[in-house]
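Hi there,

Here is the model I promised to pass on. My notes follow below it.

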Amino acid sequence: MTDRAPSLQAWYGGTFDPIHYGHLRAVEALAKEANLTQVTMLPNNVPPHRPQPGASSVQRKAMVELAIAGNPLFRLDDRELQRPTPSWTSETMAQLRRESGPDAPLAFIIGQDSLLTLRTWHRYESLLNCCHLLVCRRPGYPVEMKTAEDRQWLAARLASDARELHRQPAGKIYLADTPLYPISATDIRTRLARQQPCDDLLPQAVLDYIHHHALYR
């Protein structure tokens, strides 16, 4: 009798300010395509490359909890919210690698927009030493990296089949064919500030929480 290979564990980071259907439905589609049984939401506290969130870390955590309640695909990891320092993905994934051991297949989910700037990230090469990258499509962004050097770098790491990610612990990049969801947190915040409806953009429980706490006004 042989031991069963460990399943691919995936994390999805972001400010989630607020979390919306563009996050949730893209990851649900990715999970089907890449055969993921669980995705861990990883809200960050101090994003190093973007403006600070409008909602507090406590509020954003609460909204994620409401959004994923009752959905067995998702769980929440709030470790980055406990840090007062910038949330460097490479450091978080290095910690998760130490916790999971050297052989467990790990993946971090990003959007296509993040892939285009990946090589500017803090210790980006060490990230691929710790995990794979699963890339969701995003509307309005080009389908390939800008320079020939970047395209060559990506080509050397591409996985043509998501099953490759289940068979090795790290190092591959998979471009998922997920649907395009033209929803952004920026647009939602703008609509809320203008008192425009957002019922079709995020879960009702999250929208109720936003209204109850008078967020994004």
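Why does Thr92 count as buried? The reason is its relative accessibility of 1%, since buried means under 20% relative accessible area, exposed over 50% and partly exposed in between (1.4 Å probe, protein chains only).

Before going on, this is a predicted model, so local features need pLDDT of at least 70 and side-chain atom pairs count only at pLDDT 80 or more, while totals for chains, interfaces and linings use all residues. Residues are numbered from 1 along each chain as its sequence is written, and side-chain values use heavy atoms, with hydrogens and water left out.

Back to Thr92, which is found in helix H3 (residues 89-100). Helices (H or I, at least four residues) and strands (E, at least two) are DSSP runs, numbered from the N terminus. The Thr92 side chain makes a polar contact with that of Arg83 at 2.9 Å; such a contact is a pair of N or O atoms within 3.5 Å, and within protein one must be able to donate a hydrogen and the other to accept it, with residues adjacent in sequence counting only if both atoms are side-chain atoms. Leaving out residues up to four places away in sequence, Thr92 touches Leu42, Arg79, Glu80 and Arg83 (contact means heavy atoms within 4.5 Å).

Some backbone points too. Asp17 and Pro18 are joined by a cis peptide bond, with omega about 5°, and Pro18 is found in the loop between strand E1 (9-14) and H1. Gln195 has a positive phi near 60° and counts as exposed at 75% relative accessibility.

Best wishes
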